[in-house]
Amino acid sequence: MSGILNSSIGRKFAMALSAFFLMIFLVMHVSINFTSVFSAELFNNMSHFMGTNPVIQGLMQPILIIGVIFHFVMGFVLEAKNRSSRGSGYAKNAASNNSSWMSRNMLLSGLVILAFLGLHFYDFWIHEMTVKYVEGNMSGLIDQNQPELGFRYYEELRAKFVDPWRVIIYVVSFVLLALHLLHGFNSAFQSLGANNKYVRGLKGFGKIYSFGIPALFIFIAVYHHFAN
């Protein structure tokens, strides 16, 4: 593994694989969250299943965290390598004339997204770990002594979007995620060698995915803000 990551092609290939892994996770994540828009009961039940299933919690969740860390660390490594290999100021100016703003600022958007992930982890993941493993409430209920009150996930989700500034932070972060995905999606396919007659179709799908997934996340945040 270390031998692969020591080469430029190997690092890009590993970066592409981690990107596709996270893209699949985003589809699953937004699909579950979107159920909160039309069914509190369905969202509660799915959230409880995801939060208590031993395979998801004991295997998939650690893999996801490792994947996120790996993707960002590898992104910083690739950016550092790219910067060190650039030539004169002329070459830099030429790059700016022949590349998009997003391609030149993937590190910036990545840092903003990383900061947003910190907020998101604080809002939901750390809270969930605290309730389950510190307070000892593995039931997922609002009150273990009053199970008729139901699960707590839906109300906790809505409560996070009462503050308009939090919603604005989420919206801005997802706009940057859309731009990050748009460039990253195409780069990932190129790193895997998908540079053929199917590229146009892949780029079209990439645009739909890159704007569609963040748009759904934005809709969920805005919807619950105004529903409050």
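Gly136, which follows helix H7 in this predicted model, has a positive phi, near 80°. Helix H7 itself covers residues 106-134 and bends by about 45° at Phe121.

**Helix H7**
- The buried residues of H7 include Met106, Ile113, Phe116, Met129 and Val131, and Asp123, Glu128 and Lys132 are also among the buried residues of this helix.
- An α-helix has 3.6 residues a turn, so residues three or four places apart point the same way.

**The largest nonpolar core**
- The largest nonpolar core has 32 residues, of which Met23, Phe174 and Tyr209 touch the most other members.
- Two or more residues of this core come from each of helix H2 (8-38), helix H4 (54-85), H7, H8, helix H9 (164-191) and helix H10 (199-227), and H2 gives the most, with nine residues.
- Leaving aside its neighbours within four places in sequence, Tyr209 is in contact with Met23, Ile24, Leu26, Val27, Leu181, Phe185 and Pro214.

**Helices H3 and H8**
- The axes of helix H3 (residues 40-52) and helix H8 (residues 153-160) come within 8 Å and cross at roughly 105°, which means that H3 is roughly perpendicular to H8.
- On the H3 side the contact is made by Ala40, Phe43, Asn44, Ser47 and His48, while H8 contributes Tyr153, Tyr154 and Leu157.
- Five residues of the contact of H3 with H8 are nonpolar and three are polar, with no charged residue taking part.

Key: Residues are numbered from 1 along each chain as its sequence is written. This is a predicted model: local features need pLDDT of at least 70, side-chain atom pairs count only at pLDDT 80 or more; totals for chains, interfaces and linings use all residues. Side-chain values use heavy atoms; hydrogens and water are left out. Axes are lines fitted to C-alpha atoms, for helices over the stretch in contact, and angles run from 0 to 180 degrees between N-to-C directions. Helices (H or I, at least four residues) and strands (E, at least two) are DSSP runs, numbered from the N terminus. Angles under 35 degrees count as roughly parallel, over 145 as roughly antiparallel, 65 to 115 as roughly perpendicular and the rest as oblique. Contact means heavy atoms within 4.5 Å. Ala, Val, Leu, Ile, Met, Phe, Trp, Tyr, Cys and Pro count as nonpolar, Asp, Glu, Lys and Arg as charged, and the others, Gly among them, as polar. The bend at a residue is the angle between axes fitted to the seven residues ending there and the seven starting there. Buried means under 20% relative accessible area, exposed over 50%, partly exposed in between (1.4 Å probe, protein chains only). A nonpolar core is a set of buried Ala, Val, Leu, Ile, Met, Phe, Trp, Tyr and Cys residues joined through side-chain atoms within 4.5 Å.
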